[in-house]
Amino acid sequence: MFFSFEGIDGSGKTTQLKQLTARLEETGLSVVATREPGGTRLAEAIRGLLLEKSDSVEARAELLLFGASRAQHVAQIIKPALKASQWVLSDRFADSSEAYQGALGLDREFIRAMNAFATGELQPKRTFFLDVAPEVGFERRRDGTEDRIEARGLEFLTSVRARYLEIARREPERVVVLDGAFPPDQLATMIWEDVEAFLVGG
Ligand code: TYD
């Protein structure tokens, strides 16, 4: 089973991914928790290049680097884990490119085609989108430690969020929109209730 977690920076998705990992492991399942950009040596190296604040990166180059990182991540981590019947939880996946690089003004259809190419059409069975107001995400990250992409500011995050909501409207059977203003424990319960259906269904 493959699930992804999405949201703007500071949405709390990483906390939820950790909680779900722990709960699934408690039931005796083998879980691979991973993240994008990253998860493999090549992808972590690309992550370093992409997030380094002092570098300027052309938007098309940025998109393709996220795509390269994703292709490696799918081939080296996600597909082998799924083949071994493990559960895979990814902190960000293809939707991040559609939302973030789409917000840079890159063509959405091209981004979707790139994602299909990079992933070999692999899609999560469920995507949990933690929806918070851009102001909230922005404030949570304004501690001077933000990376190159986070440093783009409030207007950019507003556009990213709008794109996530568009994806959710387009694919309601995959994307679960959760109000990130709820307390973390309550969100964890909501996510667990959804995931339980997959446990029963095998
Ligand atoms: P990260 O430190 O993982 O942030 P977060 O904790 O918010 O996930 O940094 C990843 C950054 O890269 C984040 O700002 C979103 C961005 N990103 C893209 O722009 N496109 C992508 O395809 C992916 C996977 C991430």
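The model is predicted.

Start with the ligand. Around the ligand stand 17 residues. Those that come nearest are D9, K13, R92, S97 and Q101. S97 places a polar side-chain atom 2.7 Å from an oxygen atom of the ligand. For R47, the distance from a polar side-chain atom to a ligand oxygen atom is 2.9 Å. R70 also has a polar side-chain atom 2.9 Å from an oxygen atom of the ligand. How much of the ligand does the protein bury? Taken alone, the ligand exposes 540 Å². The protein buries 92% of that area.

Which elements build the shell around the ligand? Helix 2 (41–51), helix 3 (59–83) and helix 4 (94–103) each give two or more residues. Helix 4 gives the most, with 4 residues. By class, the shell holds 9 charged, 5 nonpolar and 3 polar residues.

Now look at the space itself. The ligand takes up the space of the largest pocket. Rolling a probe the size of a water molecule over the atoms shows where empty space is left. The largest pocket has a volume of about 540 Å³. Its lining counts 29 residues. Nearest the centre of the largest pocket lie K13, E36, R47, D91 and R92. K13 and R92 are also among the residues that come nearest to the ligand. R47 is one of the residues with a polar side-chain atom 2.9 Å from a ligand oxygen atom.

Helix 1 (13–26), strand 2 (31–35), helix 2, helix 3 and helix 4 each supply at least two residues. Helix 1 gives the most to this lining, with 5 residues. In the shell around the ligand, by contrast, helix 4 gives the most. The lining of the largest pocket divides into 12 charged, 9 polar and 8 nonpolar residues.

Move on to the second largest pocket. The volume of this pocket is about 240 Å³. It is lined by 17 residues. The closest to its centre are A94, R112, N115, A116 and Q123. Helix 4 and helix 5 (108–119) each give two or more residues to this lining. Helix 5 supplies the largest share, 4 residues. The classes here are 7 charged, 5 polar and 5 nonpolar.

Finish with the backbone. Most residues other than glycine have a negative phi, and most peptide bonds are trans. P37 is in the loop between strand 2 and helix 2. S85 lies in the loop between helix 3 and strand 3 (87–91).

Conventions. Residues are numbered from 1 along each chain as its sequence is written. This is a predicted model: local features need pLDDT of at least 70, side-chain atom pairs count only at pLDDT 80 or more; totals for chains, interfaces and linings use all residues. Side-chain values use heavy atoms; hydrogens and water are left out. A residue is near a molecule or strand if one of its heavy atoms lies within 4 Å of it. A polar contact is a pair of N or O atoms within 3.5 Å; within protein, one must be able to donate a hydrogen and the other to accept it, and residues adjacent in sequence count only if both atoms are side-chain atoms. Accessible areas come from the Shrake-Rupley method with a 1.4 Å probe; for residues, only the protein chains shown count as cover. On a 1 Å grid over the protein atoms alone, a cavity is a set of points where a 1.4 Å probe fits but cannot get out, and a pocket is an open set with protein on both sides within 12 Å along at least five of seven lines; lining residues have an atom within 4 Å of a point. A molecule sits in a cavity or pocket if more than half of its atoms lie within 2 Å of its grid points. Ala, Val, Leu, Ile, Met, Phe, Trp, Tyr, Cys and Pro count as nonpolar, Asp, Glu, Lys and Arg as charged, and the others, Gly among them, as polar. Grid points are joined across faces, edges and corners, and a volume is the space filled by probe spheres set on the points.
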